[in-house]
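Let's take a friendly tour of some charged side chains and their partners. Please have the viewer open, and follow along residue by residue.

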Amino acid sequence: MASFLQGLPAAASTSVSATSQNNTPMPWLAKRRSKDGPPQDPDGPKLTDKASTNQHSTEPAATGDTSEPKAQGLKKAESIQVKVRAVLKKREYGTRYTQNNFITAVRAMNEFCLKPSDLEQLRKIRRRSPHDDTEAFTVFLRSDVEAKALDVWGSMEALARERKLRNEVERQYQENIFRNQKLLKEYKDFWGNTKPRSGKRATFLQGPGKVVMVAICINGLNFFFKLLAWVYTGSASMFSEAIHSLADTCNQALLALGISQSVRNPDAVHPYGFSNMRYIASLISGVGIFMMGAGLSWYHGIMGLLHPQPMESLLWAYCILAGSLVSEGATLLVAINEIRKSAHKQGVSFYEYVMQSRDPSTNVVLLEDAAAVLGVMLAAGCMGLTSLTGNPYYDSLGSLGVGTLLGTVSAFLIYTNTEALLGRSIRAEHVQKLTEFLESDPAVRAIHDVKATDMGLSTVRFKAEVDFDGRVVTRSYLEKQDIDQILHDIQQVKTPEELESFMLKHGENIIDTLGAEVDRLEKELKQRNPEVRHVDLEIL
């Protein structure tokens with residue numbers, strides 16, 4: 001073994017230390033030293049890898065000086081020097097390597113047109129599962145599956161013909177599914193959709209859904225009574241208030257649609273779910289307020305300035321405005337209480353919760369009702385000035401003021417919801433908390449390129465590049481192995497082919513151990529931070 005390692009070309013070398021960063025020997029290695037005595041120095045001088053020395057500057061460099069006392073040499077960490085051939089270009093791997101590739105049962109049946117009974121006689125291998133709900137799953141060697149496919153179909157050409165035929169059948173099947181779904185939709189539209197909606201009903205009985213439904217009912221009534229008052233009085237300010245209430249009702253109906261869509265489960269087309277539907281509905285709502293509310297109010301105010309009209313008695317208008325002020329104020333209080341509870345639950349202030357648009361539906365109701373209360377007061381004041389002076393211009397100026405107020409609210413909603421849809425990062429202290437948790441793990445050497453994005457509805461997607469400590473991962477693997485058996489296998493290595501087989505076996509197992517470490521970190525990160533729903537850890 002030693003003679004073979006010395007015969008390899010010195011294109012690159014790597015130092016594998018038998019101790020950790022604090023120079024504490026591994027348990028299994030300490031056990032071997034106690035049984036077999038101190039390890040002997042290999043023949044000849046040791047080589048030192050410059051790249052390895054730069055990466056692990058805290059480890060003592062191995063030297064070829066044998067003149068030091070033996071007692072002092074035993075105190076230092078021994079290094080095993082292995083020369084590794086540098087790979088300058090991509091290597092072409094043949095069937096010698098690819099025949100050991102694994103394939104799942106589903107892929108075997110789909111790609112090679114096999115039946116479950118065809119796979120029963122093949123060798124089954126249990127592999128680590130990347131999913132949290134299953135510990136392991138069964139795979140097959142691709143070479144075995146290919147051999148079985150040739151046995152079943154006779155040739156690769158026959159297999160290709162069968163695969164093409166099945167693809168055509170699958171295409172026709174998908175077309176039939178689309179046709180049947182269309183017919184089913186027409187049937188439901190004709191007879192009524194009887195699918196239970198208990199989950200969506202519960203959404204509108206609490207939280208933002210409850211706030212939106214209350215706002216829809218109150219604003220709908222306000223629109224009806226304000227419209228009657230405008231027809232009776234001809235007031236431009238009252239017309240603006242009626243349009244304001246109509247815009248609020250339509251926008252809040254749109255918010256209700258967004259809430260109902262946001263609770264849908266993820267599917268194959270939308271793997272991260274539909275939580276952003278609330279932001280989309282709020283964005284469209286902001287545009288609607290600007291187009292319908294602000295635009296019509298400005299138009300009616302300008303027309304009132306250009307062509308003033310005398311107004312009738314404003315008594316009924318004042319009564320309706322007073323009732324609107326009470327109802328809009330009640331809705332505003334409901335929205336404020338809901339935001340206070342949500343902000344306290346997430347540990348942020350009321351102002352931060354609103355400015356960051358953490359709950360877009362409640363934010364829209366809050367801002368619309370706040371604008372409605374201010375608009376009612378502005379309209380009542382301008383109508384009072386018109387009653388006192390007899391000048392209709394004050395009423396038209398009130399309409400312009402309500403339009404300006406609605407335009408300001410719409411601009412704020414458009415800006416905040418656009419920021420949320422673009423992928424806003426979570427708070428810096430929260431990112432620091434997640435990063436510190438990963439960096440405190442013994443298997444992690446460093447964390448790079450951390451990205452934590454707020455996906456809406458208090459869900460976070462976390463992504464980071466992780467530099468794992470290969471020594472800790474290797475120790476984790478060795479602690480689960482029979483060290484005596486591994487040493488025996490090393491002693492049996494005599495040829496390059498035997499060495500390659502030995503390294504491939506344990507290298508694959510170490511990679512599986514690294515994958516298990518990634519799964520463990522992702523699972524622990526989600527358990528400690530329930531708001532983190534999606535974790536993507538990339539290995540450096």
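Predicted model: local features only at pLDDT ≥ 70, side-chain atom pairs only at ≥ 80, totals over all residues.

## A lysine in a strand

Let's start with Lys463, which you will find in strand 7, spanning residues 459-468. Is Lys463 buried or exposed? Its relative accessibility is 15%, so Lys463 counts as buried, the cut-off for that class being under 20%.

What does Lys463 touch, once residues up to four places away in sequence are set aside? The list consists of Asp449, Val450, Lys451, Asp536 and Glu538. With Asp449 there is also a polar contact between the two side chains, at 2.5 Å.

## Salt bridges across the model

How many salt bridges does the count come to? The total is 20, where the rule asks for a side-chain nitrogen of Lys or Arg within 4 Å of a carboxyl oxygen of Asp or Glu. Three of these pairs are worth a look in your viewer.

## A buried pair

Arg471 and Asp469 make one of the salt bridges, with 3.3 Å between the closest N and O atoms. Both Arg471 and Asp469 are buried.

## Two pairs within helices

Next comes helix 21, which covers residues 496-528. Here the side chains of Arg520 and Glu524 form a salt bridge, with an N to O distance of 3.5 Å. Why are Arg520 and Glu524 separated by about one helical turn? The reason is that they sit four residues apart in helix 21. Arg520 has a relative accessibility of 27%, so it counts as partly exposed. Glu524, at 27% relative accessibility, is likewise classed as partly exposed.

Salt bridges can also share partners: Arg107, Glu111, Arg142 and Glu146 are joined into one network in this way. Within that group, Arg142 is bridged to Glu146, and their closest N and O atoms are 3.5 Å apart. Where do Arg142 and Glu146 lie? Both belong to helix 8, residues 142-153, with a spacing of four residues, or about one turn of the helix. Arg142 has 23% relative accessibility and therefore counts as partly exposed. For Glu146 the value is 36%, which means that Glu146 counts as partly exposed too.

Terms used. Residues numbered from 1 in each chain as written. Heavy atoms only, no water. Buried < 20%, exposed > 50% of the residue type's maximum accessible area, 1.4 Å probe, protein only. Polar contact = N/O pair within 3.5 Å; in protein donor to acceptor, adjacent residues only side chain to side chain. Contact = heavy atoms within 4.5 Å.
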